[in-house]
Amino acid sequence: MRLSDEALDVLFREARTHNGWLDAPVTEEMLGELYDVLKWGPTSANGNPARFVFIRTREGKERLRPALAPGNVDKTMSAPVTVIVAYDLLFFEKLTKLFPHNTKMREMFASAPQLVESTAKRNSSLQGAYLILAARALGLDCGPMSGFDNAKVDREFFGAGKERAGCEQEFFPEGHVRSNFLINVGFGDRAKLYPRAARLDFSEACLLL
Ligand SMILES: Cc1cc2nc3c(=O)[nH]c(=O)nc-3n(C[C@H](O)[C@H](O)[C@H](O)COP(=O)(O)O)c2cc1C
């Protein structure tokens, strides 16, 4: 089924990367719905390597602040939610649930750390993109960011197996979860948008063979 022009506008053509946020909350229910949509996007061997930390509190934002590039501080501190899109280097331990029809997959990843790393990075990036599109489909806006210190975030949020309130401890297995990129989520203030920049034309970016 082809989506309407209006839907394509919402997902792509009119959607923008936001830097300022309206004073409207993003609830836990909205985040649950967001995950329940984005989780259906495809990943290699259905591995679901992405892990998402939804930072909603002032305290959580303050833990993130020292890792942010200066230009990303204000928009992140004022966003209703900042998501750390991360990946679990032990994602393959869940393949018995996620890929039950091929039991050899787990062994393949367990013996190939480079394959684990590239697969986790590639697919968590895809899952972050699914999050952006799912958010737009649900009426939310996003501002993705790679301008931050990954090592600092990994130490602060994924280090040393400290128990985190509200999360199962096994969600943060020591040293096995790494940050990929951040996404601010909220209801964007269109008055604070930068001018829309061009995209490459088909002839610049695509080759028909
Ligand atoms: C993975 C990724 C990382 C980005 N990192 C930053 C960043 O650190 N700081 C920032 O201000 N914008 C960042 N951006 C925003 C881009 O510059 C923006 O999405 C792009 O210019 C398109 O803007 P538009 O969606 O409004 O057309 C990032 C975008 C992506 C997808």
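Predicted model: local features only at pLDDT ≥ 70, side-chain atom pairs only at ≥ 80, totals over all residues.
Residues are numbered from 1 along each chain as its sequence is written, and side-chain values use heavy atoms, with hydrogens and water left out.

**Overall fold**

- The chain holds nine helices and four strands, where helices (H or I, at least four residues) and strands (E, at least two) are DSSP runs numbered from the N terminus.
- In sequence order these elements follow the pattern α-α-β-α-α-β-α-α-α-β-α-β-α.
- The radius of gyration, taken over C-alpha atoms, is 18 Å, close to the 17 Å that the globule rule (2.2 Å times the number of residues to the power 0.38) gives for 209 residues, so the chain is as compact as a globular protein of that length.
- Of the 209 residues, 43% are buried, meaning under 20% relative accessible area with a 1.4 Å probe and protein chains only.

**Strand β2**

- Eight of the eight residues of β2 (residues 81-88) are buried, so this strand is largely enclosed by the rest of the structure.
- On one side V81, V83, V85 and Y87 are buried, and on the other T82, I84, A86 and D88 are buried as well.

**Pairing partners**

- Strand β1 (residues 50-55) pairs with β2 in the antiparallel sense over six bridges, pairing requiring at least two bridges found by DSSP, and F54 stands opposite V83 in β2.
- Strand β4 (residues 177-186) runs antiparallel to β2 and is joined to β2 by eight bridges, with I84 opposite L182 in β4.

Definitions and conventions. Buried < 20%, exposed > 50% of the residue type's maximum accessible area, 1.4 Å probe, protein only.
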